[in-house]
Amino acid sequence: MAKLKELSGELREIYTVNSDEVLSFKTYIAGIWTSTKDLEEVKSPIDLEVYAKVPKLNYEIVDMALQTLYRKGRWEIRDMPGEKRLKVFHTLASLLEKFRQDFVNVLVIGNGKTPSAANGEVNAAIERLERADLDVRKLYGEYVPGDWSTESLEAEAIVRREPLGIVLAITPFNYPLFDVVNKFVYSTVAGNAFVLKPASATPLPAIMFAKLAEMAGFPKEALAVITVPGKEMDKIVQDKRIGVISLTGSTETGEQVMKIGGIKQYVMELGGGDSALVMADADPKVSAQKIVTGITSYSGQRCDSIKFVFAEEPIYDKLKENLVEELRKVKVGDPRQDGVTMGPVIDPKTVDEFEFAVKDAVSKGGAILYGGKRLGATYIEPTLIEIDKSKVKDLYLYKKEVFLSIAVLTQVSNIEEAIELSNGRRYGLDAALFGNDINKIRKAVRMLEVGAVYINEYPKHGIGYFPFGGRKDSGIGREGIGYTIEYVTAYKTVVYNYKGKGIWEYL
Ligand code: NAP
């Protein structure tokens, strides 16, 4: 059974243990650990066992939290000198290291990650906190001299960036620690208070991280973790006290939030799934290894997961053979077992959608090259489907992201056809190019309607050292160290008028 072991040290203060060994967590609301009568159950994707409960906050509690953050918290964080904020991030990085095993256990039970993937996520979160030092270089302003316009002679201005006040971060289930930490870092390093709404499927890393933030001395009234179901968020999303919404989630959720949220600043990291374009002169074995990692890592539940492979005719057969060979090496199962490389999918509904998408593809002429079957309520075989280029656009998979390990392989006559098929999707997150012909690569880089192109590598956003983000239905804005600062701050122009003071004597 997928039960969560008791946490260690101070983390024991934020939950109680029920008679059935289920841990009931409180959540952090502006310095107060809060519980409610009404609790939400949290299930493990490994076997759908309930392993924790979290408070289900009503609007009144959230309203009070926003009031505290708006009246006090946003000034407390702004009044904390930048170098002290950085020290808090460094302390947080050490605390994450200290409590690593607790976070790893939660990521394995709660997300179905393998221990190695869970450790990778903790590493990324630690590194993101440490790299906050690089964000601050984008927090400077500009000096604008006045003498380039007659109207502004004998004046000058400073254009500075300042925080927008409160950032509402809405995070997805798939990176419940890293996404939280990433949004926390760029929002608060810039001096914003932070309201976090974690995914209902995986809320614990956010709550646990709030405990570490409290321990690290982060201003109490500048942080709240609101455990509210997404469908009850409309009133909160509309709230004018919130200056920025930073959402990572599906395109459908992004559209809804922007429709309801009105005039605000938005960072929207939305859905997609990526294309790999394989050129005739690529190495078929190395490309196949990388593409299969791109298809199967974290069970394909990554926004930058590869969902389409478009390969030129001369390499097609060899690549196909190598892809199937690599897929055979993937071992599906309980991520706690040795040797398992692909764990479960977050919920049975997504697996139902997978079965629908496979049937749809086969009915439209697709051939299953590998996988295609459900292995349990939340388990699937990693799947590769081959289809002719004339039919690929009809597929459900082409029109809608199916968030697990399934990809489509199609032969193309040239790179232009591959680009056309890739750009034909409504998404535009990333693309991967495999090959050596610099002219073809350069042309593809120019033509692809995506936020990032990875050359001879599968798409991986990592800690955002290189910025990432989507175009078209994949989003607005960029996440990346030093880049997202732009979206969580506003310019303020300060004009100094010295007219007649004899400072400048213009001819
Ligand atoms: P999701 O269902 O869209 O949920 C994302 C978050 O939005 C959750 O916290 C969810 O809360 C919340 N939410 C849902 N409806 C809402 C509403 N009406 N108002 C406000 N919040 C709402 O996505 P997911 O299944 O967790 O994550 C997978 C998706 O995220 C995929 O589409 C993937 O491509 C995308 N993603 C994108 C990136 C990127 O960098 N571009 C990175 C990772 C993931 P509940 O959980 O309570 O419903």
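Between which two strands is the loop in which Tyr-465 is found? Tyr-465 belongs to the loop between strand S21 (452-455) and strand S22 (471-472), where strands are DSSP runs (E) of at least two residues and helices are runs (H or I) of at least four, numbered from the N terminus. This is a predicted model in which local features need pLDDT of at least 70 and side-chain atom pairs count only at pLDDT 80 or more, while totals for chains, interfaces and linings use all residues. Residues are numbered from 1 along each chain as its sequence is written, and side-chain values use heavy atoms, with hydrogens and water left out.

**Ligand site**

- Both domain 1 (9-270 + 477-489) and domain 2 (274-455) give residues to the shell around the ligand, so the ligand lies between them; the domain bounds come from an automatic or database domain assignment.
- Around the ligand are 29 residues, of which Thr-171, Ser-200, Gly-230, Thr-253 and Glu-401 come nearest, a residue being near if one of its heavy atoms lies within 4 Å.
- An oxygen atom of the ligand lies 2.4 Å from a side-chain N or O atom of Ser-200, and a polar side-chain atom of Glu-401 is 2.7 Å from a ligand oxygen atom.
- The protein buries 85% of the 910 Å² that the ligand exposes when taken alone, with accessible areas from the Shrake-Rupley method and a 1.4 Å probe.
- Strand S12 (244-248) and helix H9 (251-261) are the elements that give two or more residues to this shell, and H9 provides the largest share, three residues.

**Salt bridges**

- The count comes to 37 salt bridges, each defined by a side-chain nitrogen of Lys or Arg within 4 Å of a carboxyl oxygen of Asp or Glu.
- Glu-221 and Lys-72 form a salt bridge through their side chains (3.7 Å, N to O).
- Because Glu-221 lies in the loop between helix H7 (204-216) and strand S11 (223-225) and Lys-72 in helix H1 (residues 59-78), this pair ties together parts that are 149 residues apart in sequence.

Conventions:
A polar contact is a pair of N or O atoms within 3.5 Å; within protein, one must be able to donate a hydrogen and the other to accept it, and residues adjacent in sequence count only if both atoms are side-chain atoms.
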